[in-house]
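Dear colleague,

Please find below the structure I was asked to pass on to you. My notes on what was found in it follow directly after.

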Amino acid sequence: MKSIVFKIDSDGEIAVEVRGAAGADCDTLTDPFEKSLGILSKKERKPEFFNQESESETAHAEGMGA
Amino acid sequence: MSHFSEVKTKIKDREILKKALKNLGHEIVEGVNSAGVEVRGYFGSTQEADFKILTSTHYDIGFKENHEGCYELVGDWELLPKVSGINQEEFSKSLKREYAHQMIRSVADQLGYTVEYEGNKVENENGEIEITVKQWG
């Protein structure tokens, strides 16, 4: 079973954690959620992933408000 | 194997935004035939917006889509905190939070996930909204 845990803090920022999926599958699972929600600001993978490919992503953007 | 990511909420979906506002207890006012609305401010002055919510005062809070497709707040933020107790930063944060919550539910529904809350509570011990979506296979 694959599951995704979302934790939305009081500022509206979201921490996403995937459980039970391997390697690049993780991205396929969370992509539709991340794209709908906004801007991916940080991504961390367990070391196993980097055996297949090496990559890190960072992006920043302004949200709504003050 | 697991992975972690962090997402900054951007408010882009009008329907989800309206749903979030309703859930926060706000009444929405829209123009006829997708016309805009006038957001009331100080001394009868108005500003254009795509739609708005009423406060319990003579002043409104509007929502306007910007050139990046994100909704921005339109309102008299000098007056509103004084007359209605609505603070822009707090309002914006709680709205983003409810929007993110509703967006996760909506995407999960579309993709056939089951949605669960930690211990059947929306907020966990850290005051976060914790949602788990599950898919078999």
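**The interface of chain B and chain A**

Across the interface of chain B and chain A, 14 residue pairs are in polar contact, both residues of each pair being at pLDDT 80 or more. Please bear in mind that this is a predicted model.

Four elements of chain B, namely β1 (2-9), β7 (71-74), α3 (88-110) and β9 (129-135), each supply at least two residues of the side that touches chain A. Of these, α3(B) gives the most, with 13 residues. Sorted by class, this side of chain B has 20 nonpolar, 11 polar and 10 charged residues.

As to the extent of the interface, 41 residues of chain B are in contact with 49 residues of chain A. The two chains bury about 4,300 Å² between them, and 60% of that area lies on carbon and sulfur atoms.

Salt bridges between chain B and chain A number 2. In a salt bridge between the two chains, the side chain of K93(B) meets that of D11(A), with 3.1 Å from N to O.

Strand pairing also links the two chains. Strand β1 of chain A, residues 2-8, pairs with β9(B) in the antiparallel sense, over 7 bridges. Within this region, F6(A) stands opposite I131(B), a residue of β9(B).

With kind regards

Technical notes: Residues are numbered from 1 along each chain as its sequence is written. Chains are lettered from A and ligands numbered from 1 in the order in which they are written. This is a predicted model: local features need pLDDT of at least 70, side-chain atom pairs count only at pLDDT 80 or more; totals for chains, interfaces and linings use all residues. Side-chain values use heavy atoms; hydrogens and water are left out. Contact means heavy atoms within 4.5 Å. Buried area is the accessible area (1.4 Å probe) that two parts lose on being put together, summed over both. A salt bridge is a side-chain nitrogen of Lys or Arg within 4 Å of a carboxyl oxygen of Asp or Glu. A polar contact is a pair of N or O atoms within 3.5 Å; within protein, one must be able to donate a hydrogen and the other to accept it, and residues adjacent in sequence count only if both atoms are side-chain atoms. Ala, Val, Leu, Ile, Met, Phe, Trp, Tyr, Cys and Pro count as nonpolar, Asp, Glu, Lys and Arg as charged, and the others, Gly among them, as polar. Two strands pair if DSSP finds at least two bridges between them.
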